[in-house]
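Please examine the sequence and the three-dimensional model shown below. The paragraphs that follow lead through selected contacts, a sheet and the nonpolar cores.

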Amino acid sequence: MERKDYERLRWRCIRRALLELDITLTRFLDNGFDRLNDEDQRAFVELADMEDYDLWDLLTGKAEVADPRLAPIVALLRKS
Amino acid sequence: MSIPVLKFDAVIVGAGGAGLRSAIQLSEAGLKTAVLSKVFPTRSHTVAAQGGVAASLGNSEEDHWTWHMYDTVKGSDWLGDQDAIEFMCKKANEVVVELEHYGMPFDRTDNGKIYQRPFGGHMSNFGEKPVRRSCAAADRTGHAMLHAMYQRNVKANTQFFVEWMALDLIRDEEGHVLGVTAMEMETGQIVIFHARATIFATGGAGRIFYSSTNAFINTGDGLGMAARAGIPLEDMEFWQFHPTGVAGAGVLITEGVRGEGGILRNSSKERFMERYAPNAKDLASRDVVSRAMATEIKEGRGCGVNKDYVLLDITHLDPATIMKRLPGIHEIGLQFAGVDCLKEPLPVVPTCHYQMGGIPTHYSGRVVMPKDGDMNSVVPGFYAGGECACASVHGANRLGTNSLLDLLVFGKSAGDSAVEDLKAGRAHRELPKDVADRTLARISALDNRKGGANVHETRLAMQRTMQDHAGVFRFGDMLKQGVAKILEVEKAARQLEIKDKSMAWNTARTEALEMENLIEVAKATMVSAEARKESRGAHVRDDAPDSAEFPNGRNDKEWLKHTLFSPVDNSISYKPVNMQPLTVEAVALKTRSY
Ligand SMILES: Cc1cc2nc3c(=O)[nH]c(=O)nc-3n(C[C@H](O)[C@H](O)[C@H](O)COP(=O)(O)OP(=O)(O)OC[C@H]3O[C@@H](n4cnc5c(N)ncnc54)[C@H](O)[C@@H]3O)c2cc1C
């Protein structure tokens with residue numbers, strides 16, 4: 001990923017509306033994101049662009065992950 | 001170097017509840033209005049508010065704004081200004097109903113009215129019995145509120161500058177505020193927003209503490225900018241703490257966990273609340289529990305390597321009950337403490353939750369400061385509302401659900417006052433020659449410094465110092481040391497170094513700039529807390545205990561006054577509390593007990 005894109009993503013992970021997501025996304029970005037392939041990195045960017053409660057509901061299992069591309073990343077985030 | 005200038009009638013810094021509410025007033029009055037935000041508006045921290053917003057609509061049972069006013073004055077431990085409190089409580093119904101018209105999906109009663117729930121501290125008939133006063137949209141009140149107001153602003157043609165960070169307030173020699181300097185994160189470009197009215201709605205600064213329920217974004221930028229421009233900060237010693245945040249993470253654990261039988265324990269597994277509150281034990285009130293926890297930690301009975309937390313134990317409860325009655329708690333334990341709470345106790349600490357102090361304002365939303373003997377002289381062109389401002393309605397402690405009300409009422413009145421001042425002829429004033437010098441100097445120092453302090457380490461040192469020395473329970477000697485320590489941290493914060501020097505999307509630079517704001521707030525808090533030698537509301541000192549002469553340690557004869565911290569020389573002055581409401585009789589001084 002290009003530096004600029006990564007930094008934009010970083011800002012959108014470290015400045016969320018919910019503290020729970022600040023912590024979870026920052027942790028994953030610092031520890032795990034690098035190891036994803038391009039497609040999974042794109043999926044993570046998509047997740048990071050979601051509204052806070054929508055994403056939090058996915059991470060706590062309150063909502064189902066409909067998109068199969070996102071499911072493995074959600075699973076990783078839940079374990080991170 | 002020439003810096004682009006963007007001209008607006010009004011510039012609002014902050015797109016949370018307060019900023020969006022102000023913007024509606026300005027844009028709908030036909031004024032050209034810019035709103036700057038570090039994040040997309042609906043990612044502002046107002047989203048996290050779940051509990052509700054207070055208004056004495058009386059939809060479920062009889063209620064009256066004077067009762068709400070009484071509860072607010074009492075909650076504030078009489079440090080709130082009674083003119084501002086009357087103004088807010090009286091206006092509550094109007095702003096909540098407006099929100100309904102903006103499309104806010106409030107919970108409803110069977111006959112279609114806004115449904116109201118009970119909430120701690122909401123009482124009818126001047127403290128007699130609980131009343132249902134809180135209006136909510138499921139457990140997503142703040143979120144629903146922001147969405148409704150954002151849509152309204154889009155319709156009104158408010159111009160949003162998203163992922164822009166305001167850096168410094170522009171003030172001319174006569175003290176007028178003329179706008180802000182700001183950085184577009186995507187390009188790193190510095191731009192001047194030249195305005196006839198400037199409104200701050202930048203939210204809280206809870207990240208000064210190591211343990212905070214606040215999201216990372218709450219770095220007190222508005223307070224830092226005001227302080228650098230020589231504007232004092234009011235009542236900064238008053239911070240509300242919640243007893244059970246996950247240690248290290250801050251994420252809130254609801255009171256319901258103790259309600260279901262959770263027990264607090266120290267390093268020797270002792271149920272210590274039995275010593276502090278023999279009857280209520282773990283279910284004692286928030287401040288009693290928080291203080292007991294702080295005492296255990298201070299006296300060396302905390303847990304972990306640093307002995308800096310206690311344990312919340314639910315391992316004796318039936319797992320099925322936990323999963324059913326406390327959904328989410330298992331997940332929170334796993335995610336944020338690395339603990340399976342069915343098998344092991346959760347590490348918890350009293351956690352910073354809300355900032356009562358801030359930029360001093362009149363209830364009209366105009367910023368005020370001492371000048372030529374007048375303690376409340378208006379700073380022309382400058383307005384503030386929401387958590388960054390101090391009207392002061394929360395005084396020494398905020399009543400639950402009153403902060404969402406604060407941002408609606410004072411967001412609106414700041415907007416109204418700006419409209420009024422602009423219509424009365426307030427023009428663009430000439431920008432000073434050195435308009436962006438301070439900002440450019442800060443940026444270039446960051447870009448050129450070698451061998452400076454690391455941002456992350458400096459922030460951590462500040463947070464540890466604040467938590468240890470100015471936490472929920474305060475000790476005279478610790479506060480004294482705290483002042484010396486925070487001034488040391490300040491030296492580092494003025495010498496930050498960043499490795500990444502890129503212009504575009506440089507998050508290291510942004511975090512360093514935020515750190516320069518955090519330290520202003522931390523310093524104001526520590527110095528103000530050390531200076532106030534009584535206990536009042538959320539400021540509780542070990543050396544100002546409960547006594548017959550001073551119930552709860554409160555000393556009205558000497559300390560019924562607002563603190564003003566001057567960032568220019570770290571000095572403190574005081575101004576009287578306004579005990580005179582606008583139209584009703586004052587709420588007379590009394591001991592605060594629930
Ligand atoms: C977990 C939690 C639960 C809560 N629950 C309740 C509740 O139930 N009821 C209640 O009344 N209160 C509650 N509160 C308190 C309440 O949510 C806040 O006090 C309130 O939302 C603050 O709103 P605001 O508009 O002042 O600031 P925010 O919503 O925090 O918005 C600040 C805005 O300023 C912008 N900003 C900041 N600095 C800059 C800068 N330098 N440049 C550009 N933009 C900037 C941000 O991007 C953001 O848009 C809760 C707080 C927390 C932490």
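B:R532 and B:E237 form a salt bridge whose closest N and O atoms lie 2.7 Å apart; a salt bridge is here a side-chain nitrogen of Lys or Arg within 4 Å of a carboxyl oxygen of Asp or Glu. This is a predicted model, in which local features need pLDDT of at least 70 and side-chain atom pairs count only at pLDDT 80 or more, while totals for chains, interfaces and linings use all residues. Residues are numbered from 1 along each chain as its sequence is written, chains are lettered from A and ligands numbered from 1 in the order in which they are written, and side-chain values use heavy atoms, with hydrogens and water left out.

The structure holds 63 salt bridges over all chains. Helices (H or I, at least four residues) and strands (E, at least two) are DSSP runs, numbered from the N terminus. B:R532 is buried at a relative accessible area of 0%, and B:E237 is buried, also with a value of 0%. Buried means under 20% relative accessible area, exposed over 50%, and partly exposed in between (1.4 Å probe, protein chains only).

A second example lies within helix α14 (residues 476–493) of chain B, where B:E488 and B:K491 are three residues apart and therefore separated by about one helical turn. Their side chains meet in a salt bridge with an N to O distance of 2.9 Å. B:E488 is partly exposed at 47%, and B:K491 is exposed at 53%. In another salt bridge, the side chains of B:E497 and B:K499 meet at 3.3 Å, N to O. Here B:E497 is buried at 17%, whereas B:K499 is exposed at 70%. Salt bridges that share partners also join B:D77, B:E237, B:R532, B:E534, B:R536, B:R554 and B:D556 into one network.

B:L312 stands opposite B:L346 in β14(B).

B:L312 is also among the residues touched by B:L264, together with B:V310, B:L311 and B:V348, when residues up to four places away in sequence are not counted; contact means heavy atoms within 4.5 Å. In the largest nonpolar core, of 108 residues, A:F44, B:V53, B:M145 and B:L264 touch the most other members. Such a core is a set of buried Ala, Val, Leu, Ile, Met, Phe, Trp, Tyr and Cys residues joined through side-chain atoms within 4.5 Å. Helix α11 (residues 402–423) of chain B gives the most to this core, with 10 residues. A second, separate core of 87 residues includes B:W164, B:W505, B:V527 and B:A529.

Conventions. Two strands pair if DSSP finds at least two bridges between them.
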